[in-house]
Amino acid sequence: MKTTQTIAFCAAIGLLSSGGFTETKAQTEDSNYILVDEDSLVDLGVAEAKETIADFDHAFKNRDDSMTEFAVKKPFPYGDGSHEHMWVAVTEVTPEGYQGYLNNTPYDATYVEIGQEMFVKRDEISDWMYNKDDKLIGGYTIAAIVFESPPEQRAAYSKQMGIDWKRYKFLSKPIKEEMEARKKK
């Protein structure tokens, strides 16, 4: 099922760690590691996710049977100031934030565990997502990582998760060109 595959991939992406997404990695189901550089698109994705959180709230409050897998991503501190960003499946939206349970197995932030109930304050989120008709809505950090992956993987992940690249303003042509130029330096 696409939804299960999307969540499995998102769970792997949720293992991204550190304060500014520098030198981070996540092990995917097929044992590939995804490295995210300091100057990646991920930080821009986080900014856009924070700017659009009202879209998530509206969708959750008006959800129907075609909408599933509502989750927000939260950084969990560990070690010397690093953070592991993990998905929290949302069960309730309040004016203060999001009630739910951890939907990732921690890699570094081992003081929390998968399935643990928790509350995420609005200012703590680093991403949000849900599926509508088996298509990813939100998932800005996921889109950033998939966009920066090799073309064959990008195409496969895009198809698997139903990513519509036009939804992501931070992936506009000028930004994409700037990121490509940085990669060549």
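In E6, which residue is the bridge partner of Gly 100?

Reply: The bridge partner of Gly 100 is Met 118 in E6. This is a predicted model, in which local features need pLDDT of at least 70, side-chain atom pairs count only at pLDDT 80 or more, and totals for chains, interfaces and linings use all residues. Residues are numbered from 1 along each chain as its sequence is written, and side-chain values use heavy atoms, with hydrogens and water left out.

In sequence order the pattern is α-β-β-α-α-β-β-β-β-β-β-α-α-α.

Now the sheet itself. It is open and is formed by six strands in the order E6-E5-E4-E3-E7-E8, with antiparallel pairing. Two strands count as paired if DSSP finds at least two bridges between them. E6 and strand E8 (135-138) stand at the edges with a single partner strand each, so one side of each has no neighbour in the sheet. On average, neighbouring strands are turned by 40° against each other, direction ignored.

Strand E6 (residues 117-121) runs antiparallel to E5, and five bridges join the two. E5 (residues 97-102) also pairs with E4 (residues 82-93), again in the antiparallel sense and over five bridges. Here Glu 92 stands opposite Gln 99 in E5, and a hairpin of three residues leads from E4 to E5.

Tyr 78 stands opposite Ser 82 in E4. E3 and E4 form a hairpin too, with three residues between them, and Gly 79 in the turn has a positive phi of about 60°.

E3 (residues 67-78) then pairs with E7 (residues 127-132), in the antiparallel sense and over five bridges. Two pairs of residues mark this pairing: Ala 71 stands opposite Met 129 in E7, and Val 72 has Trp 128 in E7 as its bridge partner. As a general point, side chains in a regular strand alternate between the two faces of the sheet.

A helix packs on this sheet: H3 (residues 53-61) touches E3, E4, E5 and E7, where contact means heavy atoms within 4.5 Å. The direction of H3 makes about 35° with that of E4; such angles run from 0 to 180 degrees between N-to-C directions, and axes are lines fitted to C-alpha atoms, for helices over the stretch in contact.

Eight of its nine residues are buried, so H4 is largely enclosed by the rest of the structure. Buried means under 20% relative accessible area, exposed over 50% and partly exposed in between, for a 1.4 Å probe and protein chains only. Among the buried residues of H4 are Tyr 140, Ile 142 and Phe 147. For the protein as a whole, 47% of the 185 residues are buried. Of its contacts between residues at least 6 apart in sequence, 55% join residues at least 24 apart.

How values were computed. Helix = DSSP H or I, 4+ residues; strand = E, 2+ residues; numbered from the N terminus.
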